[in-house]
Amino acid sequence: MIARLTDILKDKFGLDEEHLSEAQRLHTESGDNLGQILIDQKNLSEDQLLEALSIQYGMPFWSRLPFESTESDFTDKVSIQFLKKYHLVPLEYTEAISAKDCGLKPHNDSKNEAIQFQPGCVIAINDPLGFQPLDDLVKTIGITDYRVVLSTRGAILAAINLQYDLRRDSAEQLVQDMEENGTNIISEIEETADLLDDTSDAPIIKLVNHIISQSIKARASDIHFEPYQTSFTVRYRVDGILYDLLTPPKWIQPALISRVKVMAKMNIAEKRLPQDGRFEVKIGDQDIDVRVSTIPTAFGERLVLRLLNKSGSLLELEDLGLEPARLKLLKRLISTPNGIILNTGPTGSGKTTTLYAILSSINQPNINIITIEDPIEYQIKGISQIQVNPKIELTFARGLRSIVRQDPDVILVGEVRDKETAEIAVQSALTGHLVFSTLHTNDSASSITRLVDMGVEPFLISSSILAVVAQRLVRVLCEDCRRVYEPNPIYLKSIGFSPELFSEHTVYKAQGCENCFSTGYRGRLGIFEIMVLSERLKGLILKTFDSNRIKSEAVRQKMRTLRQDGMAKVLKGLTTVEEVLRVTQK
């Protein structure tokens, strides 16, 4: 059998004899699957292996599993853990499936929409030799007429997660059930590894799990539990905008908040003081770090959950939204051996993401990078990261003073909050270190004023700071529903832009569809203002720290402002005029 599979791999995919021989040797020694060994060695892709197995066993290979027109009646009969362990999933299709739906490549385009399977049950498997799990599944769900297809592990896991998520009641239904069952919903609460695996019948646990899983599915960054005098509202923030998720009855408020506080290992008896906590959840293959903050209000505790997807990879510099010329400028700045580069903007403007992208781009074995942060949002391999801890007096200033004695090449200070931290950062830059940090100011020029207000001498600022990068996040237009329109010329003139400039480009407006939750936007990207401290700017800072004069001089030296960068992205069809004005208006 192995010989036949290797023949297929050689004939169809031109697999090298030497690679095959090495894989067969490892297969003989370890007993591991030959195909998996070839995949691990990067000599074969999973799709290629499954195509070969499809030829060998005469089974169809679906690179995609269509999720439309499916029913999930089996979810009450078989556990999600069983399906995930053996990588198989049953799908009951109520409509016919075409070749295009399955990701199949027909011999000619005319057959692209040809019917591949009539309505019925399809069982997707990853291992054609997994007879026993397949037989167990068929007996458990009680079917006799079904077809078996091969599919990738990723497609099967996605189908499993979707089917079990669709099974779950809506938040409104869960609340309704709780109202019907009365208010006595106190039960033993336990943590679970995977929210989709949680089989708890406790209504409050099901409701919290549902709120978190739906928020993650909607790509939310925060969940707000907001108590008022006679009502209780749950909202989530998607792409920087808050949307209502649920308005449960007021009596559910204490139990819902207590459940979240238990998950975050907080003191549920303490309702008078602010608290902070955290916990981790899994949604399928996503690891989510949840940070919880509570404050007491007149009508009960208010909670905010910050969701951080640790499964997502860090962004590269090229993914931030910088144009080639400005990206080249930033790369030149971060390759400087010493000095300070400040990143400024309000909370939630993407400063941390930008700094992590910068650190990742310069992270090399011959460079010693140390950070002090509050909190550490991502762990980066090869970088020493320190968490601020005020309880033991580990502040930014104290940590930074110790970092300097650790022979660093690059230092990241999470935020310059006081004069002491600012002065140590300046001294570090003057003694040969490259320092990155953040400030909360509206634009790049205001950072100079802010540092002077803290008590840093202007001559130290001009001699240590290389550049200030101000940034905001704008929502990206949904490509499925955006529509062309012509902005009003009077409106464009009122905000300082020439209508002629817009007439030469296609400008789009947000519309809204099911793919973007009817918002018209999907995802965000950065707009940037990079103020490099030239000799003329340094000289001006020694004379005055008026932010308006500093900004005017920087603009004269061809600095592109936040609004100008935003409008450039409008002209590229990435966002809207209204969105740029929303984040740049003072």
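Modeller: Leu412 has Phe436 of S17 as its bridge partner. Strands here are DSSP runs of E with at least two residues, helices are runs of H or I with at least four residues, and both are numbered from the N terminus. The model is a predicted one, in which local features need pLDDT of at least 70 and side-chain atom pairs count only at pLDDT 80 or more, while totals for chains, interfaces and linings use all residues. Residues are numbered from 1 along each chain as its sequence is written, and side-chain values use heavy atoms, with hydrogens and water left out.

Leu412 belongs to S16, where it is also the bridge partner of Thr371. Two strands count as paired if DSSP finds at least two bridges between them. Strand S14 (residues 369-373) and S16 pair in the parallel sense over 4 bridges. Strand S16 (residues 410-413) is likewise joined to strand S17 (residues 434-439) by 4 bridges, and these two strands run parallel. Val413 stands opposite Ser437 of S17. In general, strands of a sheet pair through backbone hydrogen bonds, either parallel or antiparallel.

The side chains of a regular strand alternate between the two faces of the sheet. In S16 both faces are covered: Val410 and Leu412 on one side, and Ile411 and Val413 on the other, are all buried. Buried means under 20% relative accessible area, exposed means over 50%, and partly exposed is in between, with a 1.4 Å probe and protein chains only.

The sheet around S16 is open and has 7 strands in the order S15-S14-S16-S17-S13-S18-S21, with mixed pairing. Its edge strands, S15 (384-387) and S21 (521-532), each pair on one side only. Neighbouring strands are turned by 20 degrees against each other on average, direction ignored. Angles are taken between N-to-C directions and run from 0 to 180 degrees, with axes fitted to C-alpha atoms, for helices over the stretch in contact. Helix H21 (residues 562-571) lies across strand S18 (465-477) and S21, running at about 140 degrees to S21.

Charged pairs also occur in this part of the sequence. A salt bridge is a side-chain nitrogen of Lys or Arg within 4 Å of a carboxyl oxygen of Asp or Glu, and the structure holds 25 of them. In one, Arg417 meets Glu415 at 3.2 Å, N to O. Arg417 counts as partly exposed because its relative accessibility is 41%, whereas Glu415 is buried at 18%. Another salt bridge joins Asp443 to Lys551, with the closest N and O atoms 3.5 Å apart. Asp443 lies in the loop between S17 and helix H15 (444-454) and Lys551 in helix H20 (residues 547-556), so the pair ties together parts that are 108 residues apart in sequence. Both residues are buried: Asp443 has a relative accessible area of 6%, and Lys551 has a relative accessibility of 18%. Elsewhere, salt bridges that share partners join Glu323, Arg326, Arg560, Asp565, Lys569 and Lys572 into one network. Glu393 and Arg398 form a further salt bridge at 3.7 Å between the closest N and O atoms; Glu393 is exposed at 55% relative accessibility, and Arg398 is partly exposed at 43%.

An open sheet of 4 strands has the order S1-S2-S5-S6 with mixed pairing, and its edge strands, S1 (70-71) and S6 (146-150), each pair on one side only. Strand S5 (residues 120-125) and S6 run parallel and are joined by 5 bridges, with Val148 of S6 as the bridge partner of Ile123. Helix H6 (residues 131-141) packs on this sheet, touching strand S2 (88-93), S5 and S6, and its direction makes about 40 degrees with that of S2.

As for the whole, the protein chain has 22 helices and 21 strands, and its C-alpha trace spans about 85 × 65 × 60 Å along its principal axes. Of its 586 residues, 48% count as buried. Contact means heavy atoms within 4.5 Å; among contacts with a separation of 6 or more, residues 24 or more positions apart account for 65%.
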